[in-house]
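The sequence and structure come first.

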Amino acid sequence: MKLTITLAWRYLRGRGSRSFLTTLAVVFGVMLTFGLNGILPAMVDAFTHNLLAAAGKVDLTVTSAYNQPFRPDVVDRLLAVPGVATASPGVQRVAPLPRSADAAPDALAQVVVVGIDLATVGGVHDFPLDSGRMLASADNNAVVMNADLASELGLGVGDQLVLPAAGGTARFRVVGLLSAATVPGQEQVYLTLPAAQQLFGLGSRITQVEAAFTADADRAATEKAVAAALGPDYQVGGLSSESSLLASLQTAEFAFTLFGLFALATAGFIIANSFRTVVAERRRDIGMLRAIGTRRRTVMGMFLVESLIQGVIGTGLGILAGWGLAAGLFAAMSPVFESVLHFRIGGPVFTASTWVTSVLLGIGVTVVAAIVPARAAGRVTPLEAMRPQVGAVYERRVGRRAWIGVGLVVVSLFGLTTGSASLVGLGAVVFLVGIALVAPAVVNPITNWASRPLELVFSREGAIARSNLQRNPGRSAITVTAVMLGLASIVAVISMVTSIFAGFTTYLDKSLSADYLLIPQSIILGQGNVAAGPRLTDDVRAVPGIAAVSTLRVTQAKSDGGDVQVIGIDPATYLKVAAFDWNSGSSDAAVAQLGTGRWVVANGIYAAQHSLMVGQAVLLDTPNGPRTYHLAGIGNDYLNAKLSTLYTSQENLQRDFNVTADLLLMANRTAAADPDQVKAQLNRVVGDFPAFRLYESSTWRAEQMKTFSATTVIFDVLVAALALPSLLALVNTLAISVLTRTREIGMLRAVGATRRQVRRMVMAESLLLSVIGTVFGAVAGLWLGYALVVAMSAVGWQMPYAFPWSGLVATVVVGITFGVLAAIGPARSAARLDVVAALHQE
Amino acid sequence: MSVPLPAEKPPIVEVAGLTKVYGTGAAEVRALDGVDLVVPEGQFITVMGPSGCGKSTLLNLLGGLDTPTAGTISIDGTPLGEMPDDRLTELRRRRIGFVFQFFNLIPVLNAVENASLPLRLDGDADADGRATTWLERIGLGDRLRNRPDQLSGGQQQRVAIARALSTEPALVLADEPTGNLDSKSAGEIGGLLRQVSADWGRSVLMVTHDPRIASFAERLVLMRDGRVVDDLVLDGSHEAPRRALEKAGLL
């Protein structure tokens with residue numbers, strides 16, 4: 001064993017540049033797996049907690065079922081429930097702001113005053129401080145708020161905020177500003193709990209408790225246990241309605257893991273290729289070893305130990321690089337996220353499973369990739385020592401393997417079209433393996449075809465390059481495959497991003513076809529929202545230049561034990577100001593159907609969660625008992641793209657849920673109307689309803705798009721990181737093919753090839769390989785991207801497939817550029833070969 | 001024609017009716033056609049003949065690198081017969097030493113490490129010590145830590161000979177050991193191989209094309225078309241092998 005290790009180590013050191021290139025492949029694979037897995041949990045965390053859920057680390061909120069303040073001992077009862085880690089009592093009340101005479105009509109009229117218990121609130125909320133300081137327990141008249149809200153109110157640190165109190169007004173000093181983003185309708189200012197209790201005259205009573213679960217708690221079970229422990233006087237709201245959002249994020253996470261796997265598979269191909277060459281080069285050494293008494297096992301072991309050493313070193317360096325990649329990405333993205341999205345993304349998080357996965361995959365892939373070459377080495381006969389032969393003749397079972405590959409591709413198509421995320425993942429891997437097996441069989445004919453245009457440019461060298469590649473189709477196929485894998489992942493990522501972007505744009509444009517939106521300034525679910533009676537709608541409709549008005553009413557219901565948001569629309573007017581993005585089989589007719597009885601339209605998430613089809617029954621728990629609805633159609637809108645939602649008629653909402661107030665009002669203006677005039681008139685109407693605020697859809701849309709663009713930065717970085725291993729694969733194969741043909745190149749030079757011709761020959765080889773790999777990669781990537789988009793739709797994240805034209809062009813350009821870049825080093829070293837020395841090399 | 005065995009020396013190599021056929025039908029090549037040969041302990045024997053006469057095949061079969069079509073081989077009293085690969089490998093490691101035309105040293109190991117390879121493969125605790133002793137005996141005591149690329153061809157072949165001798169084998173097989181050397185180095189290697197048999201008591205079987213190198217051996221076997229055509233004692237004169245070749249019509 002010691003000898004095996006000595007030999008392996010010496011060979012690795014003796015062929016430094018080769019070992020370096022091979023190891024680098026492992027480094028890249030592990031770097032991506034480790035780095036991405038370190039970034040994603042932190043990103044998902046940031047998204048769930050900061051941006052989309054807007055609920056901090058809150059897993060559950062307890063409020064009074066009767067909208068009354070209650071005694072704080074609920075906290076202790078809550079903490080007694082297994083699975084509850086933290087419970088923080090609080091007060092949340094809307095407070096009108098004193099209105100000055102010269103205030104703009106759309107100026108903020110009220111804020112949500114939140115009293116927080118400083119001792120416990122840290123367990124459920126983060127307060128990222130931007131300037132000033134956080135509240136202290138002795139602060140009876142201090143307030144902190146988000147910086148963007150403060151600037152809207154014209155306040156800074158040290159300024160005073162006047163709030164109406166139980167007796168008169170109370171003055172609070174702004175002591176700190178937070179860097180979080182304010183969600184319209186959630187303009188919150190934070191006081192200490194005692195200060196808030198005093199402000200609203202609550203004594204020691206509170207209005208809500210927010211709780212966080214232990215990491216291992218079963219979310220649904222804990223929610224149930226809490227509801228049982230507290231009884232019917234309390235309303236328990238969980239994050240379960242967001243679980244659909246989590247599912248989408250998990251899909252994304254899964255997709256990223258898949259790309260990490262692609263990167264490692266690419267590394268595996270590079271390693272296998274490298275070891276094949278190494279075995280071929282050392283046939284004589286191996287033959288001698290066998291002749292002087294080395295067992296097959298020992299020879300095989302020598303190569304496996306060599307791969308193990310490379311695996312260990314590569315994995316170690318890869319983990320370091322991955323850490324660097326993650327840290328670098330976070331450093332680069334933090335300013336973007338903080339300035340655009342106003343949230344902190346923290347630092348990379350490397351879980352134990354990330355460590356274990358990276359180490360096992362890194363070392364495992366290296367060793368597995370070396371097995372086939374190592375076995376080939378074990379089969380080298382001792383006679384090789386006697387009759388040296390230049391260039392190995394490999395047993396080629398190209399034909400049979402190609403058919404297996406075709407079989408795998410066919411099988412993978414089933415997996416890819418099932419729509420089940422895990423089967424799509426499996427299908428994707430099987431698909432690529434299949435393509436990799438087919439590649440050697442088609443490399444020669446494709447090379448023939450692809451080299452024609454090349455020979456126009458490279459004339460004689462092109463033909464030599466072509467025959468070089470065709471002489472060793474196995475090696476060419478591996479390079480092509482490595483390039484293909486890298487580029488396929490890039491094209492797939494770009495397809496997905498393009499489609500997500502296109503999907504959101506479509507949602508935005510379709511759902512927000514209304515010109516104006518009237519949204520209440522404070523939306524506090526479960527606390528009796530400020531909503532408007534019919535007068536607001538009538539007033540808006542009466543404004544000259546307004547063509548159509550429609551409203552949304554919202555309530556919560558239970559369905560199959562889960563929460564669902566039920567939105568009441570007016571079937572007669574809804575489609576004039578808004579639209580659904582229908583799934584196939586549904587149409588606008590479903591909206592008309594809502595008015596004809598207990599019908600609902602479900603969004604994709606709800607339909608996917610309950611595997612519903614049009615016409616099926618939907619059982620809803622309403623305040624008036626269980627009611628059976630039927631599904632009229634499946635469609636999505638932007639506002640509710642991420643929440644499990646049902647739409648029904650406002651009539652049904654009134655009858656079964658007792659909800660009559662409008663929560664959101666959408667209006668269109670007539671084509672002939674003057675926008676400025678209509679806006680001024682609307683502002684006047686809204687002035688009488690201080691709880692509501694007027695938004696122009698175009699402004700709102702622009703803001704949403706800006707937010708979304710910022711989040712795609714991470715994809716760009718990912719694409720770049722995926723591209724590097726392909727470049728490496730090309731450089732590696734080319735370098736190795738130059739090394740193995742040292743003598744041949746020497747001969748070419750001896751019979752009169754100029755340095756320039758040798759250089760051009762290597763360049764032509766590289767270009768041929770990269771062109772073929774790029775074509776394969778583009779085709780495979782398009783298909784994979786399509787499958788991924790379909791898979792995302794299957795879990796409820798409906799998006800239209802958008803063909804990534806620009807991404808495709810970019811990939812082809814990158815692929816061919818890589819071909820040229822990769823050839824520079826090997827071409828130079830080939831051209832510089834000392835002819836005499838090269839000819840003497842064995 | 002055949003040389004009588006010195007009665008007191010036990011045979012190391014016993015070959016009877018050795019035949020090797022490559023290919024079948026029209027493509028059939030009889031590389032060896034019923035060769036009988038006995039090599040006693042400590043004898044330096046050289047095999048000569050034109051290309052394709054079967055001398056390399058003979059060497060490969062004796063080394064257990066290839067299997068015969070017919071006939072028997074016994075090395076140091078052990079019949080090779082149907083030995084499985086691992087036992088054959090072990091036999092090669094312990095009882096046979098190989099010297100190749102292209103030296104076949106591992107480029108990333110130094111002289112001592114190369115010479116001690118078979119001992120290490122055998123798990124010998126004093127592998128380096130024994131290899132060093134042999135390197136010093138053959139005059140490479142000052143190049144112990146040099147890698148092959150830092151040694152001349154003659155020196156590399158000495159390392160290979162030290163490697164072959166390090167396990168104290170009964171038989172050393174040398175395939176064109178001087179084919180890749182200049183004439184001065186070739187002469188030195190020839191002398192060294194004679195020393196291997198005369199001073200250290202190993203049987204040496206060498207295949208060569210060079211009559212001058214063949215003259216270092218004490219016995220010459222001439223082959224043609226897979227058969228032994230002559231088997232004679234050499235007197236150490238440089239001309240003897242050439243005369244034997246001329247006589248057999250092989251020059």
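## Salt bridges overall

Over all chains, the count comes to 26 salt bridges. These come from a predicted model, in which side-chain atom pairs count only at pLDDT 80 or more. Side chains of opposite charge can pair when their charged atoms come close.

Which side chain meets B:E168 in a salt bridge? The partner is B:R202, at 2.6 Å from N to O. Here too the pair links distant parts of the chain, with B:E168 in the loop between α6 (153-165) and β7 (171-175) of chain B and B:R202 in the loop between α7 (183-198) and β8 (203-207) of chain B, 34 residues apart. Are the two partners buried or exposed? B:E168, at 32% relative accessibility, counts as partly exposed, whereas B:R202 is buried because its relative accessible area is 14%, and the cut-off for buried is under 20%.

## Where chain A meets chain B

The contact between the two chains involves 27 residues of chain A and 27 residues of chain B. Between them the chains bury about 2600 Å², and 60% of this area is on carbon and sulfur atoms.

Charged and polar pairs also cross this interface: the count between chain A and chain B is six salt bridges, and seven residue pairs are in polar contact, with both residues at pLDDT 80 or more. On the side of chain A that touches chain B, the elements that give two or more residues are α1 (2-14), α8 (283-291) and α9 (296-341) of chain A. By class, that side of chain A has 12 nonpolar, five polar and 10 charged residues.

One of the salt bridges pairs B:E90 with A:R295, whose closest N and O atoms are 3.1 Å apart. Both residues also belong to one network, in which salt bridges that share partners join A:R295, A:R297, B:D86, B:E90, B:R93, B:R94 and B:D122.

## Confidence in chain A

The average pLDDT of chain A is 76, and 76% of the residues score at least 70. Among the elements of this chain, the lowest mean pLDDT (64) belongs to helix α25 (residues 835-840) of chain A, and the highest (91) to strand β15 (residues 599-602) of chain A.

In residues 49-56 of chain A the pLDDT is below 50, and this stretch has 20 contacts in the model beyond near neighbours in sequence. For residues 388-396 of chain A, where pLDDT stays under 50, the model has 14 contacts beyond four places in sequence.

Note on methods. Residues numbered from 1 in each chain as written. Chains lettered and ligands numbered in written order. Heavy atoms only, no water. Contact = heavy atoms within 4.5 Å. Buried area = accessible area lost by both parts, 1.4 Å probe. Salt bridge = Lys/Arg side-chain N within 4 Å of Asp/Glu carboxyl O. Polar contact = N/O pair within 3.5 Å; in protein donor to acceptor, adjacent residues only side chain to side chain. Helix = DSSP H or I, 4+ residues; strand = E, 2+ residues; numbered from the N terminus. Nonpolar A, V, L, I, M, F, W, Y, C, P; charged D, E, K, R; others polar. Buried < 20%, exposed > 50% of the residue type's maximum accessible area, 1.4 Å probe, protein only. pLDDT = per-residue confidence, 0-100.
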